[in-house]
Amino acid sequence: MTEETPLSEDAEWVARAQAGDPAAFDALVVKYSPRLYGLVYHMTSNHEDTNDLLQEIFAKAYRSIPGFRGKSSFYTWVHSIAVNMTINFLKKRGKRNHLSLDDMDSGVQNDKEYIELTATSDPVREANLSELQMRLNEAMQKLSHDHRAVVTMFDIQGMPHAEIARILGISEGTVRSRLFYAHRQLQNYLEEFH
Amino acid sequence: MAVDDETLSKLLRLKRYEQPPPEYFDNFLREFQQRQRAEMLRRPAWRVAWERLATRLNGFFDSYSTLSYAGASVAVIGVAAAFTVQMLKHPGSGAISSFAEQRTAIQQPYQEAYAESYQEPVALAAATPVEAVRRGPVSIPSMDRFTLNARFGMPEVRFQSSGPRQSAQSRQPRYILDTRPASYEASYSF
């Protein structure tokens with residue numbers, strides 16, 4: 001999120017990258033690739049596609065950085081590039097389905113919500129949770145690209161509405177309505193499962 | 001079991017842990033650098049420079065677009081209006097009239113030459129249109145082929161003018177040498 005990224009540091013790297021210093025751009029790649037990976041991955045649900053897209057996103061950002069004038073933060077700017085390129089990619093890819101990786105990072109064991117959801121240490125409950133996650137991945141695939149983008153940024157990445165609105169170039173009201181509609185759809189898909 | 005909003009949000013938040021192993025991002029940077037270098041080597045230097053320049057100019061035009069486009073539009077409209085007013089005030093003056101004079105000067109000698117030649121028509125053959133219906137063998141001894149064809153009942157060959165639809169001028173004979181018409185039209189038109 002923006003509060004996690006010191007903007008002055010970004011601005012300095014951006015200025016150096018604009019002056020032709022590749023190491024400064026590398027620093028930006030290192031800083032933003034995990035977050036952008038999450039964004040692209042949860043929209044494509046495929047590791048290989050995510051890897052290729054992420055390379056292209058940073059290549060485009062590198063080519064375009066001389067024209068970046070800092071009207072928005074680098075974070076917002078590079079996320080806009082990522083979302084647009086991913087949506088274009090998904091439109092071209094069509095309805096090919098790719099389900100999520102099941103290998104969650106070990107950090108999930110310490111997550112408050114994970115602990116809550118599996119508090120009873122009941123194997124049946126854990127199995128259900130795992131099944132529910134799988135169904136959720138399938139349900140995510142059924143959302144439209146725009147709705148999936150909003151759910152990914154808000155629910156998975158925890159971005160505020162205003163930031164999502166800036167990245168997508170839409171109003172906050174539209175972000176909220178897309179979220180509402182996407183949640184209803186996901187709930188319906190999960191109810192069908194039960 | 002219905003999944004309420006809160007449970008759904010929690011399930012979605014857990015998806016943030018779906019991450020590749022940490023070494024992936026080190027490899028990612030290396031791969032990015034290699035790709036960048038390969039791309040730079042593949043593209044000619046002028047293209048890289050041009051892309052950079054275009055990106056910079058894009059930014060320039062973005063920031064000054066409103067003022068510059070408005071200014072350019074006003075200038076174009078102003079020049080067009082001044083030119084129109086000038087033309088309305090002095091219709092026979094200016095560049096257009098001098099062009100017309102030039103055109104007349106070029107055309108005149110050709111028009112005169114044409115007028116002279118037209119008064120003395122070339123007498124190559126009969127001055128009346130040919131109208132003939134030939135039946136049976138053609139009586140030209142050297143053209144045996146025509147004779148043979150006629151014996152085997154080949155269709156008649158009619159030579160006739162196209163009749164009363166033609167105007168008085170077009171009924172006059174036209175003489176064709178090769179494919180170049182010695183017609184009435186001027187050779188040059190502007």
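The model is predicted: local features need pLDDT of at least 70, side-chain atom pairs count only at pLDDT 80 or more, and totals for chains, interfaces and linings use all residues. Residues are numbered from 1 along each chain as its sequence is written, chains are lettered from A and ligands numbered from 1 in the order in which they are written, and side-chain values use heavy atoms, with hydrogens and water left out.

**Chain A overall**

- Chain A has nine helices and zero strands. Helices (H or I, at least four residues) and strands (E, at least two) are DSSP runs, numbered from the N terminus.
- Of the 194 residues in chain A, 51% are buried. Buried means under 20% relative accessible area, exposed means over 50%, and partly exposed lies in between (1.4 Å probe, protein chains only).
- Among contacts in chain A with a separation of 6 or more, 66% join residues 24 or more positions apart. A contact means heavy atoms within 4.5 Å.

**Helix 3 of chain A**

- Helix 3 covers residues 47-64 of chain A; at 1.5 Å a residue, its 18 residues should span 26 Å. The expected span is 1.5 Å times one less than the number of residues.
- The end C-alpha atoms of helix 3 of chain A are 25 Å apart, which agrees.
- Buried residues of helix 3 of chain A include A:L53, A:L54, A:I57 and A:F58.
- At the start of this helix, a side-chain oxygen of A:N46 comes within 3.1 Å of the backbone nitrogen of A:E48.

**Helix 7 of chain A**

- Helix 7 of chain A is mostly covered, with nine of its twelve residues buried.
- Among those buried residues are A:H147, A:V151, A:D155 and A:I156.
- Just after helix 7 of chain A, A:G158 has a positive phi of about 70 degrees.

**Where the two chains meet**

- Two packed helices are described by the angle between their axes and the distance between the axes.
- Helix 7 (residues 145-156) of chain A packs against helix 1 (residues 5-14) of chain B at about 90 degrees, with axes 8 Å apart. Axes are lines fitted to C-alpha atoms, for helices over the stretch in contact, and angles run from 0 to 180 degrees between N-to-C directions.
- The two helices are therefore roughly perpendicular to each other. Angles of 65 to 115 degrees count as roughly perpendicular, under 35 as roughly parallel, over 145 as roughly antiparallel, and the rest as oblique.
- A:V151, A:D155 and A:I156 meet B:S9, B:L12 and B:R13.

**Residues to find**

- A:H183 lies in helix 9 (residues 172-193) of chain A and is buried, at 11% relative accessible area.
- The side chain of A:H183 makes a polar contact with the side chain of A:D155 (2.6 Å). A polar contact is a pair of N or O atoms within 3.5 Å; within protein, one must be able to donate a hydrogen and the other to accept it, and residues adjacent in sequence count only if both atoms are side-chain atoms.
- Not counting residues up to four places away in sequence, A:H183 also touches B:D5, B:L8 and B:L12.
- A:H161 sits in helix 8 (residues 161-168) of chain A and is buried, at 17%.
- B:D4 lies in the segment before helix 1 of chain B. B:D4 is partly exposed, at 41%, and its side chain makes a polar contact with the side chain of B:T7 (2.4 Å).
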